[in-house]
Amino acid sequence: MSCWIGIRGRFGDRITAAHAYRGDCTAQVAREALLEVGRFLREDPELLFDLLLDVTAVDYIGNTPRFEVVYHLYSVARNHRLRLKVRVPENDVRVDSVTPVWRGANWLERETYDMYGIQFDGHPDLRRIYLYDEFQGHPLRKDYPKERRQPLVRREELDEPQARRQSERERERYGRWQ
């Protein structure tokens, strides 16, 4: 499979770059074309990228645009992979959610939002997945200070079911040593 023949012919300059290296195909897509390209990749009978393996981001601090959202796709039927990349500027850190195309993107986009602060427009439930709501910042950004102290949340401030789950987790972890 040639990485970009099918998509470059169809999308032209909305595919801003493409290359293959040792069987890894990569295509860089214009931000506004992401959903359209995603639908094409999933539905085209020659491609059939039906599985979204991962969504992550890269922080190129000091570069313009600063962020790059990366999607790893796999076609079960065709046994080939593709990496899609979308560049995102620091002053408008948002990209369309691909959950309408690949439902599995839901949690993957939430993880990327939590760790990098990338907003996914149209996401059905965009909220933190690892960190608590009061956590300030996004820890995988390169300008996040590693010594930063976060606000503590006391058990009394939690709602009752959440406080009960936290107590149960602590009891399981520490047992009689609590």
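Predicted model: local features only at pLDDT ≥ 70, side-chain atom pairs only at ≥ 80, totals over all residues.
Where is P65 found? P65 sits in the loop between β3 and β4.

**View 1. Five strands form an open sheet.** The strand order is β1-β2-β5-β4-β3. Pairing within the sheet is mixed. The edge strands are β1 (15-21) and β3 (51-59). Each of these two pairs on one side only. From one strand to the next, the twist averages 20°.

**View 2. Strands β2 and β5 run parallel.** β2 covers residues 24-29 and β5 covers residues 80-88. Three bridges link the two strands. T26 has its bridge partner in β5: this is R83.

**View 3. A nonpolar patch lies on the surface.** L51, L53 and V76 form the patch. L53 belongs to strand β3. Its relative accessibility is 39%, so L53 counts as partly exposed. The range for that class lies between under 20% (buried) and over 50% (exposed).

**View 4. A cis peptide bond joins T64 and P65.** Omega is about -5°. P65 is in the loop between β3 and β4. Most peptide bonds are trans.

**View 5. L48 has a positive phi.** The angle is about 50°, although L48 is not a glycine. Most residues other than glycine have a negative phi. L48 is located in the loop between α2 and β3. Is this residue buried, partly exposed or exposed? L48 counts as partly exposed because its relative accessibility is 26%.

**View 6. N79 also has a positive phi.** Here phi is near 55°, again in a residue other than glycine. N79 is placed in the loop between β4 and β5. With a relative accessible area of 56%, N79 is exposed. The cut-off for exposed is over 50%.

Definitions and conventions: Residues numbered from 1 in each chain as written. Heavy atoms only, no water. Pairing = 2+ DSSP bridges. Helix = DSSP H or I, 4+ residues; strand = E, 2+ residues; numbered from the N terminus. Axes fitted to C-alpha atoms, helices over the stretch in contact; angles between N-to-C directions. Patch = residues over 30% accessible without salt bridge, like charges linked within 9 Å, V, L, I, M, F, W, Y side chains within 5 Å. Areas by Shrake-Rupley, 256 points an atom, 1.4 Å probe, with all protein chains shown as cover. Salt bridge = Lys/Arg side-chain N within 4 Å of Asp/Glu carboxyl O. Buried < 20%, exposed > 50% of the residue type's maximum accessible area, 1.4 Å probe, protein only.
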